[in-house]
Amino acid sequence: MTCLDLFCQFIGKCLQIQRDKCDEMVSCCVISMVMAMLENIQDISSVVPGIIEMYNGEIAQGVETKEFRLMLLQGYMMCLWYDVTSALQALESSGKTAWLLEEVFKIVTELTEDFEVKRFMLGLSSILVPADMPLTVQNNYATIIRVLVYLSQRSVEILEK
């Protein structure tokens, strides 16, 4: 078993503990650890589908707080940024691509931190690069572009505070 495997098991266990304790704030910290891994470690594309599956599991269990929903969406965005092909394949195979885009489009107006805006911009812009996009993404190109423009404006507003 590799260190990466152990880390993924640790993440899964932490998410289970959160569910048992009904404390989504703990899960926000867990998602932050996963994003830190994606932002700083190379050659771990093999775990992206598993991370997407973990996030999907959390959504399926039900998300009660806006903070946890926002953190999960940032997590999805960082998976897209890290390895767009693996992330989109995992999202498509689970039937979550349309759901994710809809959730992102709904929440972007509520972003208040520059790091949130940047993660959404990285994730959304990464899906515009590959040629073989799922039909769901192709059908939402115009909205994605509008959201990216909004996010860039929002980033400036946040920085000016």
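## The enclosed cavity

The largest cavity of this predicted model has a volume of about 30 Å³, and the count of cavities of 30 Å³ or more comes to one. Its lining is formed by L80, L88, L91, T97, L100, L101, I127 and V137. Sorted by class, these lining residues comprise seven nonpolar and one polar, with no charged residues.

Helices α5 and α6 each supply at least two residues of the lining of this cavity, and α6 gives the most, with three residues.

## The nonpolar core

The largest nonpolar core has 54 residues, and F120, L124 and I127 are those with the most contacts inside it. Two or more residues of this core come from each of α1, α2, α3, α4, α5 (84-93), α6 (97-107), α7 and α9 (141-160), while the largest share, eleven residues, is that of α4. In soluble globular proteins, nonpolar side chains tend to be buried together.

I127 belongs to both pictures, being one of the residues with the most contacts inside the core and also one of those that line the largest cavity. For L124, once its neighbours within four places in sequence are left aside, the contacts are with M77, L101, V104, I144, V147, L148 and L151; of these partners, L101 is also named in the lining of the largest cavity.

## Helix α4 and Y82

Helix α4, which gives the core its largest share, has 17 residues and reaches 24 Å from its first C-alpha to its last, close to the 24 Å expected at 1.5 Å a residue. Because 13 of its 17 residues are buried, α4 is largely enclosed by the rest of the structure.

Y82 has its place in this helix and, with a relative accessible area of 18%, it counts as buried, since the cut-off for that class is under 20%. Not counting residues up to four places away in sequence, Y82 touches L38, I41, Q42, D43, I44, S45 and V48. Y82 and Y55, 27 residues apart in sequence, are 15 Å apart in space from C-alpha to C-alpha.

## Helix α2 and its packing

Helix α2 (residues 24-40) also has 17 residues, and the reach from its first C-alpha to its last is 24 Å, close to the 24 Å expected at 1.5 Å a residue.

The C-alpha atoms of G12 and A36 are separated by 16 Å, the two residues being 24 apart along the chain.

## Loop residues with positive phi

Most residues other than glycine have a negative phi. C22, however, has a phi near 55°, a positive value in a residue other than glycine, and its place is in the loop between α1 and α2. C22 is exposed, its relative accessible area being 68%.

D43 counts as exposed at 73% relative accessibility, and it is one of the residues touched by the buried Y82.

## The open pocket

The largest pocket has a volume of about 210 Å³, and its lining consists of Q18, R19, C22, D23, E24, M25, E58, Q61, G62, E64, T65 and F68. The lining receives at least two residues from each of α1, α2 and α3, and by class it has three nonpolar, four polar and five charged residues.

Key
Residues are numbered from 1 along each chain as its sequence is written. This is a predicted model: local features need pLDDT of at least 70, side-chain atom pairs count only at pLDDT 80 or more; totals for chains, interfaces and linings use all residues. Side-chain values use heavy atoms; hydrogens and water are left out. Helices (H or I, at least four residues) and strands (E, at least two) are DSSP runs, numbered from the N terminus. The expected span of a helix is 1.5 Å times one less than its number of residues. A nonpolar core is a set of buried Ala, Val, Leu, Ile, Met, Phe, Trp, Tyr and Cys residues joined through side-chain atoms within 4.5 Å. Buried means under 20% relative accessible area, exposed over 50%, partly exposed in between (1.4 Å probe, protein chains only). Contact means heavy atoms within 4.5 Å. On a 1 Å grid over the protein atoms alone, a cavity is a set of points where a 1.4 Å probe fits but cannot get out, and a pocket is an open set with protein on both sides within 12 Å along at least five of seven lines; lining residues have an atom within 4 Å of a point. Grid points are joined across faces, edges and corners, and a volume is the space filled by probe spheres set on the points. Ala, Val, Leu, Ile, Met, Phe, Trp, Tyr, Cys and Pro count as nonpolar, Asp, Glu, Lys and Arg as charged, and the others, Gly among them, as polar.
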